[in-house]
Amino acid sequence: MGDSAIPLLEIQELNKSFGGLQAVKGASLALREGNLVGLIGPNGAGKTTVFNLISGIYRPTEGSIQFCGEEITGLKSHQVAARGIARTFQNIRLFKELTVLENVRIAHHPYAGYSLLDSVVRTRKFRWGEKRLAEEARELLATFGLQDRAGEVARNLPYGEQRKLEIARALAMQPRLLLLDEPAAGMNPQEIESLMQLIELVKERFHLTILLIEHQMRVVMGICQSILVMDFGEIIARGSPHEIQRDPRVIEAYLGRQAGQHAAAN
Amino acid sequence: MQFLTRKNGIYTIATLLTYALLQGLNSAGLLSNYVLFIVMVGLTNAILTVSLNVITGFTGQFSLGHAGFMAIGAYVSAMFSKLIFDIGPATPFAMRGPTFLASLLAGALAAALAAYLIGIPTLRLKGDYLAIATLGFNQVVIVLFNNLDFVGGPRGFTAIPKLTNFTWVTLLTVGSVLVMRNFVWSIYGSQCVAIREDEVAAESLGVNTARYKNLAFTLASFFAGLAGGLLAHLLQLAHPSQFTFLKSIDILLMLVVGGMASIPGSIIAAIALTILPEVLRFSQDLRLVIYPVILIIFVLYNPLPRIKHITDQVWRRARTALADGNGR
């Protein structure tokens with residue numbers, strides 16, 4: 001073993017079948033601390049399934065997932081989250097009827113620092129805990145430029161801000177690994193631009209490792225250090241954005257066989 | 001310690017003043033025992049409705065078995081007060097209060113334990129399926145008490161000592177509501193609300209949804225059991241027919257009229273809907289028509305959430321006027 005550092009996330013030979021459909025076939029990947037990796041592929045390639053497997057929503061049929069060198073395969077979703085893996089969802093899953101502040105405050109729950117009894121009799125500890133929760137939630141919202149929206153109901157935010165809020169909420173649990181499922185979906189070019197800056201900013205500020213699913217090539221090529229390409233449940237290529245753009249298998253997956261052969265000939 | 005925030009302190013003082021007024025009027029012979037009795041039933045219904053609100057309004061779990069937990073509380077507390085402590089005219093006065101409280105606590109704990117055990121398998125179900133499972137549980141409890149001979153079986157558990165009085169009901173209602181309110185407005189309650197809003201998202205944020213659903217269910221059933229115990233010692237009777245799923249539906253009705261996730265709404269609706277059939281007595285058989293019509297109108301044009309909205313605004317203004325935001 002040349003490299004002694006344990007990868008933050010290591011997936012080996014992961015398989016997932018739904019009845020006769022094999023959604024993920026023998027996927028392996030390793031993420032090192034501080035990486036920003038893109039996961040791309042045509043629709044139905046199995047990208048979101050990989051996310052659901054990592055975050056414990058699905059149980060893999062075969063294979064193992066290790067986080068910080070510990071086995072997390074088959075853990076429940078909330079257990080995976082407690083270990084430090086946060087995620088966002090393709091079809092935004094905010095607590096829609098709650099305020100923006102409340103969304104972030106709830107995600108901060110492991111750091112409340114008071115017990116059930118404290119909350120029932122409202123001890124001093126409870127008040128300090130609540131004060132800190134609200135302060136930290138506000139601070140996080142400020143990082144995302146959402147401080148003026150704190151009192152608004154999440155449902156009423158414009159689409160781009162709902163996406164931002166979902167990322168802010170995921171960060172409130174102070175994760176080490178962040179899984180972003182199509183953060184730029186449905187955004188206009190200006191919003192995409194500010195999203196890219198935001199992702200890089202939070203990655204630095206919160207010392208995050210990020211795995212990102214995205215269809216917007218501008219985002220993937222612009223900020224990812226390396227890229228994994230999936231097609232029909234398999235990882236067909238991996239490398240730097242530059243390499244991926246020229247890989248004939250990738251071009252074939254996206255544009256069909258002839259295009260792929262054409263690219264290989266060049 | 002700040003068990004009471006300023007706002008709740010004012011509500012509590014108002015409640016205690018009302019209590020003193022009613023009690024005083026009753027002692028002076030200006031208020032009949034009948035009216036006081038209806039108010040007491042209304043207050044136990046308030047505990048039941050607020051507790052169902054914790055399960056359905058805040059945690060978003062549709063339960064139709066609340067009367068089952070109430071039954072467990074009623075029967076178990078009566079077993080303690082009548083069969084174990086044997087509280088009667090011979091019991092020294094100083095012992096009545098503590099033994100009564102102990103009996104109520106035993107009933108409430110039994111209901112909570114039942115809820116905890118039932119919750120483990122059933123709370124995995126969602127929506128209608130959970131409703132049917134809890135309904136089934138309610139039925140099981142009824143059948144059980146119908147067939148337990150030492151608590152009277154189908155004749156009902158009779159001659160329970162009359163220990164519930166207006167003072168007990170008021171104090172325990174205020175205490176129960178405050179405990180549930182404080183639970184709901186804490187990070188623990190927030191996690192329950194997160195489950196209601198989006199279970200998958202809550203899980204992804206590390207909320208142990210199975211645990212918090214069961215916590216809400218157990219806590220709420222504790223108070224349902226307490227209300228059952230109070231009622232049994234008020235009526236001096238616990239009968240299986242009092243706790244059928246129709247009672248569960250009654251509680252749900254009070255909850256819906258009062259507004260989901262509104263504690264003041266639950267209290268107002270529970271008391272109002274307890275008094276309403278009594279007020280309608282003048283109309284004799286017609287009240288069976290008038291009562292449902294009033295309910296339909298209420299559900300269509302529910303004014304209670306709006307009332308809450310207005311009181312909230314008044315409070316917000318009062319608070320900014322005081323320029324102090326200590327506690328919520």
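pLDDT is the predictor's confidence in each residue, from 0 to 100. You have a predicted model open, in which local features need pLDDT of at least 70, side-chain atom pairs count only at pLDDT 80 or more, and totals for chains, interfaces and linings use all residues. Residues are numbered from 1 along each chain as its sequence is written, while chains are lettered from A and ligands numbered from 1 in the order in which they are written.

Start by colouring chain B by confidence. Its mean pLDDT is 90, with the highest mean, 97, in helix α9 (residues 209-235) and the lowest, 70, in helix α13 (residues 304-322). Helices (H or I, at least four residues) and strands (E, at least two) are DSSP runs, numbered from the N terminus.

Next, select residues 33-58 of chain B, which form helix α2. This helix of 26 residues spans 36 Å from first C-alpha to last, close to the 38 Å expected at 1.5 Å a residue (that is, 1.5 Å times one less than its number of residues). Now click on B:Leu52, where α2(B) bends by about 30° (the angle between axes fitted to the seven residues ending there and the seven starting there). Just after the helix, B:Gly60 has a positive phi of about 75°.

Now move to chain A and pick strand β1, residues 9-18. Seven bridges join β1(A) to the antiparallel strand β2 (residues 21-31); two strands pair if DSSP finds at least two bridges between them. Look for A:Glu10, whose bridge partner in β2(A) is A:Ala30. In the hairpin, A:Gly19 takes a positive phi near 60°.
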